[in-house]
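The following exercises are to be worked with the sequence and the coordinates at hand. Each task is followed by a stepwise solution.

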Amino acid sequence: MHTITAISTPHGAGGIGIIRLSGDDAIKIASSVFSSSVKVEDQNPREMYLGKFEGENFEEKALCVKFIAPNSYTGEDLVEFHVHGGVFLVTRVLETLLKKGAKMAEAGEFTQRAVLNGKMGLDEAEGVADVIVADSTASLNAAYRQMTGALHKKIVWLQNEIKDVLVNISAAIDYPDEVEDEVYHETPDKIKSVREDIERLIDSHKSGRLIKNGILCAILGKPNAGKSSLLNAILGRERAIVTDIAGTTRDTIEEAILHKGVKLRFLDTAGIRESEDIVEKYGIERALKEADGADVIILLLDGATGENLDELIKRYSDKKVFVCVNKSDLVERKQDNLCYISAKTGDGVENLLDEIIKLSAVEDGEVVTSARHTEALVRAHESVVSAEGTFSQYTIDCVAVDLRKAWSALGAITGDGAESGIIEGVFDKFCVGK
Ligand SMILES: Nc1nc2c(ncn2[C@@H]2O[C@H](COP(=O)(O)OP(=O)(O)OP(=O)(O)O)[C@@H](O)[C@H]2O)c(=O)[nH]1
Ligand SMILES: [Mg+2]
């Protein structure tokens, strides 16, 4: 493959800048610009050498490390230069390598080559991208597991199960007298077990999505219920304006925290009531609209006055709704069946956060965090369900057609047999240099 190059460290001044070269001419190009006590060709792979990088009208003291195919990130010959992390310098190094014949790498092209060279599956490459953008312990851990092949193994295992059934079916078609009974006996159970595993993976996406994107919680309630006070109590700082005037908050305010390694995003909203004030009306419309996109609704009641929020509970019946009575510090007689908090004293707030993060808890096994993977799993599921239906109604070779479809749908996850359009689409989202 032609040799590509890119700056792999972020754009900006830093301690070091790393420029990568990968492809057939990587060693040759590196050798033409870098000199040390040992020529690049003779250097030991994976060992750093201190030497001189010589560009047009400049020199730099640099470290060089080479990797020889297939033992590199891309599976090709790969060289990295570690230089001082000045924007001007790093860019000059890149320009030098381009002049020497390397081509500028596209976004994610190093990882794309790793996939094409069989160093990792498509899903593992997506895990790499997720590790880079992870912003919570939970999302980082999920991305790490995906990058190191946990989901990959599961998908390959499912594909092998399907392949086994397909082999049996073709044996049954070719030698009907010898194997057919056995196949008829075993096949439904095997297909059922594949279907159940796929269902579990699809279900895990509910938690996976929350782990990856954070759990969006909209705080809703009547004016003065204490919504902004609750946001401030959660953040531990005075982010939103709090007054005893009903209708203080107009615009929605979003802020995020990490609670026990999980990212929680909170939306403080305008208090819901009938209003003639045009600005407040807009605020209320916005509150309801943004809450429609939330994962969790925290319905806050004012414990000091008591009120009815049935209408809101009905509107969000398809979501996880936590109904909380605020201002517990003012409530004398508490009812057993209600959840009390106090935004003022902080009472019950930690408990509420604990309850919210339980939504992202994964029972066991692998968790699917990607919408692309879920979509492929849904397609695989449809075909497996159809195979089950076909098995009971028609001949066994029809089952094979459906199972082949399921096998291919699973392959789109790992990249095994995936069309090039799918693979390119995945790498569009990567950064240059990865
Ligand atoms: N005693 C007590 N007062 C509270 C508590 N939470 C909020 N308050 C008071 O209730 C009043 C309204 O609080 P806000 O946080 O502004 O209420 P809000 O729901 O954001 O109101 P709007 O923005 O108008 O919709 C303020 O005077 C707060 O100090 C609480 O837990 N205990
Ligand atoms: Mg408010």
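**Exercise 1. Into how many nonpolar, polar and charged residues does the shell around ligand 1 divide?**

Solution. Step 1: apply the classes, in which Ala, Val, Leu, Ile, Met, Phe, Trp, Tyr, Cys and Pro count as nonpolar, Asp, Glu, Lys and Arg as charged, and the others, Gly among them, as polar. Step 2: the shell then divides into seven nonpolar, twelve polar and five charged residues. Step 3: of the 24 residues around the ligand, G226, S228, S229, T249 and G271 come nearest; a residue is near a molecule if its C-beta atom, placed from the backbone, lies within 6 Å of it. Step 4: helix α8 (residues 227-235) supplies the largest share, three residues. Helices are DSSP runs of H or I with at least four residues, strands are runs of E with at least two, and both are numbered from the N terminus.

The model is predicted: local features need pLDDT of at least 70 and side-chain atom pairs count only at pLDDT 80 or more, whereas totals for chains, interfaces and linings use all residues. Residues are numbered from 1 along each chain as its sequence is written, while chains are lettered from A and ligands numbered from 1 in the order in which they are written.

**Exercise 2. Describe the burial and the pairing of strand β8 (residues 215-221).**

Solution. Step 1: count a residue as buried if 20 or more other C-beta atoms lie within 10 Å of its own, as exposed if 12 or fewer do, and as partly exposed in between, with C-beta atoms placed from the backbone. Step 2: seven of the seven residues of β8 are buried. Step 3: in a regular strand the side chains alternate between the two faces of the sheet. In β8, I215, C217, I219 and G221 cover one side, and L216, A218 and L220 the other. Step 4: strands pair if DSSP finds at least two bridges between them. β8 pairs in parallel with strand β10 (residues 262-268) over five bridges, with L264 as the partner of I215. Five bridges also join β8 to strand β11 (residues 296-302), again in parallel, and here I219 has I298 as its partner.
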